[in-house]
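Have the viewer open as you read.

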Amino acid sequence: MIFLEHAQQTITKILQKFPAQQRFSLAILQEIQKEYNYISAEHLKAAADYLSLPLSQLFSMATFYKALSLDKKGKFIIRVCDGTACHIRGSQNILGEIERALGIREGETTEDGLFSIEIVNCVGSCAMAPVVICDEDYFGNVAPGGGEQIVETYRKKEAE
Ligand code: FES
């Protein structure tokens, strides 16, 4: 019950940072995304109620912008670049290692909510291919076995 009250206070605080006007829709959704790493159905509804807008309007916005997600994401999002340079240099093998280490596939989130895996296109660091990004850290020239090491690094980080 205490947790629910805290969650309610947090979303209320986010909403009240902005005037209840349509032009702040995107800013509100971005703020919710930043706080929770995704936008839940309840939070989308809370934002629609606050702004007196149809839920469908905010839903369209949340699906249109790539930076917004309606799916729950992990605390750590491991992004494997699969652009041409990275693909040629073995990104699929790295992806396979990460998927096996976490027991999930690309696009999924681990049950403990710690990790998600995403495939991205060229991130502009082709000279370091293959590239993996996690928590804003870039890993370049990832060798075989490197995918597992990256997972281990963040598991340790979380345990500290
Ligand atoms: S293709 Fe991966 S960084 Fe360019």
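A contact here means heavy atoms within 4.5 Å, and helices (H or I, at least four residues) and strands (E, at least two) are DSSP runs numbered from the N terminus. The model is predicted, so local features need pLDDT of at least 70 and side-chain atom pairs count only at pLDDT 80 or more, while totals for chains, interfaces and linings use all residues. Residues are numbered from 1 along each chain as its sequence is written, and side-chain values use heavy atoms, with hydrogens and water left out.

Begin with helix α3 (residues 41-51) and helix α4 (residues 55-64), whose axes come within 9 Å and cross at roughly 125°. From α3, L44, K45, A47, A48 and L51 meet L55, L58, F59 and A62 of α4. By class, that contact has eight nonpolar, no polar and one charged residues; Ala, Val, Leu, Ile, Met, Phe, Trp, Tyr, Cys and Pro count as nonpolar, Asp, Glu, Lys and Arg as charged, and the others, Gly among them, as polar.

Next, find I119 in strand β2 (residues 115-120). I119 counts as partly exposed because its relative accessibility is 34%; buried means under 20% relative accessible area, exposed over 50%, and partly exposed in between (1.4 Å probe, protein chains only). Leaving out residues up to four places away in sequence, I119 touches V80, D82, L95 and E106.

Finally, the cysteines. The structure holds zero disulfides, a disulfide being a pair of cysteine sulfur atoms within 2.5 Å. For C134, the nearest cysteine sulfur, that of C81, is 15 Å away. C134 is buried, with a relative accessible area of 0%, and C86 counts as buried at 3% relative accessibility.

Conventions: Axes fitted to C-alpha atoms, helices over the stretch in contact; angles between N-to-C directions.
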